[in-house]
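The model is a predicted one.

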Amino acid sequence: MTETTPLAPSTAEAAAATERLAAWVIGALTVIVIGGVTLVIYGPHEGHAVGSSWLPTINASLNATATVLLGSGYVFIRRRRIAAHRACMIAAFAASSLFLITYLIHHAQVGSVPFHGAAWLRPVYVGLLVPHIVLAAFVVPLALITIHRAWSGRFDRHRQIARVTLPIWLYVSVSGVLVYVLLYHFGR
């Protein structure tokens, strides 16, 4: 029989410490991402011409890619194809992470991009944009928690949060593409 000593914590204590660390890291990453997005959109800019960059098209493509991967991952897990599900979800996270990087680069150059489309389209644009922004802030910690729970083998808890994370992440990805279309193709 093995006894724990102050120098050798129990398995439960080690698991709790790992969960606390994960929660701290996820919280810190969430604050960094939301703060970074806020800073690049509303901070000072060099005044590059809006629309002069190819990054918005890349951003929309990455969002569309994440959408397809998320949907495929969902289909795979429903069919119990776990390895394919895992690959899709990791790829969706990578696509969304690349999106975030290119989004930050673009908006660090141009700041907030105003809508210049027809007046009748503005309510549609704002109606998509506002929940997109709010849910994008929520999807950061949700996706990280969902991935952490799967990574650590806590599949019962992974499934619980994945049922919340997936529809939000899908909305953010799909609405990101629609916002791009309205902003850059109907607004010019």
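A crossing is left-handed if the near helix is turned anticlockwise from the far one by less than a right angle. By that rule, H2 and H5 cross in a left-handed manner. H3 also passes H5 in a left-handed crossing.

**Helix H5.** This helix covers residues 155–184. H5 has 30 residues. From first C-alpha to last, H5 reaches 41 Å, close to the 44 Å expected at 1.5 Å a residue. H5 bends by about 35° at Ala-162.

**Geometry of the pairs.** Two packed helices are described by the angle between their axes and the distance between the axes.

| Pair | Axes come within | Crossing angle |
|---|---|---|
| H2 (residues 55–78) and H5 | 9 Å | roughly 150° |
| H3 (residues 82–110) and H5 | 13 Å | roughly 40° |

The H3 angle makes H3 oblique to H5. H2 and H5 are therefore roughly antiparallel to each other.

**H2 against H5.** Which residues of H2 meet H5? They are Pro-56, Thr-57, Ala-60, Asn-63, Ala-64, Ala-66, Thr-67, Leu-70, Gly-71 and Tyr-74. H5 answers with Leu-166, Trp-169, Leu-170, Ser-173, Val-174, Gly-176, Val-177, Tyr-180 and Tyr-184. By class, this contact of H2 with H5 has 13 nonpolar, 6 polar and no charged residues.

**H3 against H5.** H3 supplies His-85, Ala-92, Phe-93, Ser-96 and His-106. H5 supplies His-158, Trp-169 and Tyr-184. The contact of H3 with H5 divides into 4 nonpolar, 4 polar and no charged residues. Trp-169 and Tyr-184 of H5 are listed in the contact with H2 and in the contact with H3.

Conventions. Residues are numbered from 1 along each chain as its sequence is written. This is a predicted model: local features need pLDDT of at least 70, side-chain atom pairs count only at pLDDT 80 or more; totals for chains, interfaces and linings use all residues. Side-chain values use heavy atoms; hydrogens and water are left out. Axes are lines fitted to C-alpha atoms, for helices over the stretch in contact, and angles run from 0 to 180 degrees between N-to-C directions. Helices (H or I, at least four residues) and strands (E, at least two) are DSSP runs, numbered from the N terminus. Angles under 35 degrees count as roughly parallel, over 145 as roughly antiparallel, 65 to 115 as roughly perpendicular and the rest as oblique. Contact means heavy atoms within 4.5 Å. Ala, Val, Leu, Ile, Met, Phe, Trp, Tyr, Cys and Pro count as nonpolar, Asp, Glu, Lys and Arg as charged, and the others, Gly among them, as polar. The expected span of a helix is 1.5 Å times one less than its number of residues. The bend at a residue is the angle between axes fitted to the seven residues ending there and the seven starting there.
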